Amino acid sequence: MQPKSQKYRCLASLSRFAIVAIKLCPSFLGFVYCHEYQADVCGVGSHFYKGIHHVIALRLFARDAIFRTGLLIIVLVGNPCMVRSTRADDVGSLKLAVAGRFKIGVGTNRDLVDHPQDRALLLRHFDIVTPENCMKPQVVQPFEGDFRFDLGDAFVKFAEEHGLKVVGHCLVWADSGKTPSWWMTENGQPTSKETLFRRMKTHIQTVAGRYGDRISEWDVVNEALSDGSDGYLRDTLWARVAGEDFIVRAFEYTREVAPNALLVYNDYNVDTDGKRDSLIRLVQSLKQKNTPIDAVGLQGHYELDAIAYEGLGSMLEAMRQLQVKVIISELDIDVIPRSRWWADNNRHRDELKSSNPYKDGCPPEILQRQAEQYAKLFELFCRYDDVVERVSFWNLHDGQSWLNYFPWDRVNHPLLFDRNRMPKPAYHAVIRTVRQSILKASHLEELPSNAN
Ligand code: GLA
């Protein structure tokens, strides 16, 4: 069954078609000839001249009739097509709504190739794509010197063929579990600083060098900061062996082979208290060392009712002061809060593992709350659109989200489009917010400078 709003849109479209058709019909009945051409051209004069005038009028009428017939055919054929093509997503395009403010992107995978419907949704709404997994170090270089580019190449080719920009994700993932194990040991011992840097340089320059300007933004280092307020860098071999220097070097190595790309440091929960200070400290320090960092990526994996708007606002403000761009790199709002998974020494895991509250659909009141919270986020992004460079969602629609599996299996609903790729209340709230903020901004521009 079609949703209500869609039926209304179809009806509106059909009635528009009927009005245009009715307006065009008289020309075929000859009224136009009688009333417009004959009167205009014939005017006054002798019968002889009137005869000539009738010929001219007829020719003009014939020419115009051909034009109107063409128009009628376009309306007859085109309008029902429009109704059909808008059925799946009869909605304004996200990328057009935010155009000129920030780029809008999505993290995705080979579903694009396998599911043409996903492709249509992607192309309608987004301008830039991040490969969800296929460019990560474990995939690209699972063993030293064994580079595997088939998936990454296919991803970049797909993007190019469809006019999409690409974010490379990611060159270094500074979490021990996410770095291939060969990288971390040398002759059975922890890798020395020199070897760590040499391996990092080879990896970065082989990968980023391969794509050159075909990749416009790179997540150079992912998740190097410690969680909570108990530390600065995450306790890994990276930090133990090289401190902050490995981050500096990673950016320098990348800049050498990607001179035009936007270079990003990417992390999660950095709008929460402890981690926010760590990120600000890191950026300040990198800037002092003239590290070529252009932007910070705030992953934005939020949970319903737990979004730290204030923290996010002050992060945006701090980056504005530091003249570093902000990217919301992996946005979603989990409707089945997951923090309890890690709380109280993992005590709730057994209970949570069997919890799947919205497996038959998400209750409307939850979708509404999610919509309001997405709207508040976009209000903030629009307010800081001089700083926000891009907003990317993590996955295209609810059926594709990683939150259906992480940290336990459940049917989740974190994105703007549902499993049928239809827009959710959150989608409409985002579009409305962006449009309202544009109106607000243009209204302010029009106010005289001394207006209160
Ligand atoms: C982190 C990473 C992403 C991805 C998500 C989960 O945010 O940066 O690459 O792995 O986790 O999908």
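Tutor: Before we start, a word on labels: helices (H or I, at least four residues) and strands (E, at least two) are DSSP runs, numbered from the N terminus. Keep in mind, too, that this is a predicted model.

Student: Got it. Where does Pro407 lie?

Tutor: Pro407 is in the loop between strand E11 (388-394) and helix H17 (425-446).

Student: And what kind of peptide bond joins Phe406 and Pro407?

Tutor: General idea to begin with: most peptide bonds are trans. Here, Phe406 and Pro407 are joined by a cis peptide bond, with omega about -5 degrees. Another cis bond links His169 and Cys170, again with omega about -5 degrees. Cys170 has its place in strand E3.

Student: What about phi: is the phi of Asn187 positive or negative?

Tutor: Most residues other than glycine have a negative phi. Asn187 isn't a glycine, yet its phi is positive, about 50 degrees. You'll find Asn187 in the loop between strand E4 (185-186) and strand E5 (189-190).

Student: Okay, on to pockets. What is the volume of the largest pocket?

Tutor: Think of it like this: rolling a probe the size of a water molecule over the atoms shows where empty space is left. In this model the largest pocket has a volume of about 840 Å³. It is lined by 31 residues, and the closest to its centre are Tyr268, His301, Arg338, Trp402 and Phe406.

Student: Which strands each supply at least two residues of the lining of the largest pocket?

Tutor: Strand E3 (165-173) and strand E9 (301-303) do. E9 gives the largest share, three residues. Sorted by class, the pocket lining has 12 nonpolar, nine polar and 10 charged residues.

Student: Where does the ligand sit?

Tutor: In the largest pocket. Around the ligand you'll see Glu132, Lys136, His169, Trp173, Asn222, Glu223, Gln299, His301, Glu330, Trp394 and Trp402. That shell has three nonpolar, four polar and four charged residues.

Student: How far is an oxygen atom of the ligand from an N or O atom in the side chain of Lys136?

Tutor: For a polar contact, look for a pair of N or O atoms within 3.5 Å. With the side chain of Lys136, the distance to a ligand oxygen is 2.7 Å. Asn222 has a polar side-chain atom 3.0 Å from an oxygen atom of the ligand, and for an N or O atom in the His301 side chain the value is 3.2 Å.

Student: How much of the ligand does the protein bury?

Tutor: Taken alone, the ligand exposes 300 Å², and the protein buries 89% of that.

Notes: Residues are numbered from 1 along each chain as its sequence is written. This is a predicted model: local features need pLDDT of at least 70, side-chain atom pairs count only at pLDDT 80 or more; totals for chains, interfaces and linings use all residues. Side-chain values use heavy atoms; hydrogens and water are left out. A residue is near a molecule or strand if one of its heavy atoms lies within 4 Å of it. A polar contact is a pair of N or O atoms within 3.5 Å; within protein, one must be able to donate a hydrogen and the other to accept it, and residues adjacent in sequence count only if both atoms are side-chain atoms. Accessible areas come from the Shrake-Rupley method with a 1.4 Å probe; for residues, only the protein chains shown count as cover. On a 1 Å grid over the protein atoms alone, a cavity is a set of points where a 1.4 Å probe fits but cannot get out, and a pocket is an open set with protein on both sides within 12 Å along at least five of seven lines; lining residues have an atom within 4 Å of a point. A molecule sits in a cavity or pocket if more than half of its atoms lie within 2 Å of its grid points. Ala, Val, Leu, Ile, Met, Phe, Trp, Tyr, Cys and Pro count as nonpolar, Asp, Glu, Lys and Arg as charged, and the others, Gly among them, as polar. Grid points are joined across faces, edges and corners, and a volume is the space filled by probe spheres set on the points.
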